[in-house]
Amino acid sequence: MSSGQESVLSEYESDTSQTSKLLRKFKETPFVPIGMAGFAMVVGYGLYKLKHRGEMKMSLHLIHMRVAAQGFVVGALTCGVLYSMFQEYVVKPKE
């Protein structure tokens, strides 16, 4: 490695902690963490409602919670893709 490459790598490694990487990713793609948080909320709600499911079978309850969690994540990712396309093709000035 040349000294130029080493300085760039060491500068990159020193400036990026786990927190700064997470914040940078959140700014680049905000809908992925939103999808993950929604997934966690649906799972938490499903676990809470597990005690009060009444006569519903366990397998049916788990299937409903899985579908709800997957739906939230897919919806958040779809919104992220649409937002990205909007930013790239509508807001970005034409060259």
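Student: What secondary structure does the protein chain have, in helices and strands?

Tutor: The model is predicted, and in it the protein chain has 4 helices and 0 strands. Read from the N terminus, the order is α-α-α-α.

Student: How much of the chain counts as buried?

Tutor: Of its 95 residues, 9% count as buried.

Student: Take α3 and α4. How do their axes sit relative to each other?

Tutor: Helix α3 covers residues 31-50 and helix α4 covers residues 58-91. Their axes come within 9 Å and cross at roughly 165 degrees. Angles over 145 degrees count as roughly antiparallel, so α3 is roughly antiparallel to α4.

Student: Is the crossing left-handed or right-handed?

Tutor: Right-handed, for α3 passing α4.

Student: Which residues make the contact?

Tutor: On the α3 side they include F31, V32, I34, G35, G38, F39 and V42. On the α4 side, H61, M65, A68, A69, F72 and V73 are among them. The contact residues divide into 16 nonpolar, 5 polar and 1 charged.

Student: Pick one from α4. Is H61 buried or exposed?

Tutor: H61, which sits in helix α4, has a relative accessible area of 5%. It is buried because that value is under the 20% cut-off.

Student: What is H61 in contact with, beyond its sequence neighbours?

Tutor: Setting aside residues within four places in sequence, H61 is in contact with G46, K49, L50, R53 and M56. Of these, G46, K49 and L50 also belong to the α3 side of the helix contact.

Student: And A69, buried or exposed?

Tutor: A69 is another residue of helix α4, and it is buried at 3% relative accessible area.

Student: What does A69 touch?

Tutor: Not counting residues up to four places away in sequence, A69 touches F39 and V42. Both F39 and V42 are on the α3 side of the contact.

Student: Over to α3, then. What about V32?

Tutor: V32 is placed in helix α3 and counts as partly exposed, at 36% relative accessibility. V32 and T78 are 46 residues apart in sequence, and their C-alpha atoms are 9.9 Å apart in space.

Student: Changing topic: where does UniProt put the "transmembrane region" feature?

Tutor: The unreviewed UniProt entry places that feature at residues 30-48 and 68-86.

Student: What do those two spans look like in the model, helix or strand?

Tutor: Residues 30-48 are 95% helix and 0% strand, and the end C-alpha atoms of that span lie 27 Å apart. Residues 68-86 are 100% helix and 0% strand, with end C-alpha atoms 27 Å apart.

Technical notes: Residues numbered from 1 in each chain as written. Predicted model: local features only at pLDDT ≥ 70, side-chain atom pairs only at ≥ 80, totals over all residues. Heavy atoms only, no water. Axes fitted to C-alpha atoms, helices over the stretch in contact; angles between N-to-C directions. Parallel < 35°, antiparallel > 145°, perpendicular 65-115°, else oblique. Left-handed = near helix turned anticlockwise from the far one by under 90°. Contact = heavy atoms within 4.5 Å. Nonpolar A, V, L, I, M, F, W, Y, C, P; charged D, E, K, R; others polar. Buried < 20%, exposed > 50% of the residue type's maximum accessible area, 1.4 Å probe, protein only. UniProt positions renumbered as here; feature names shortened; annotations may be inferred.
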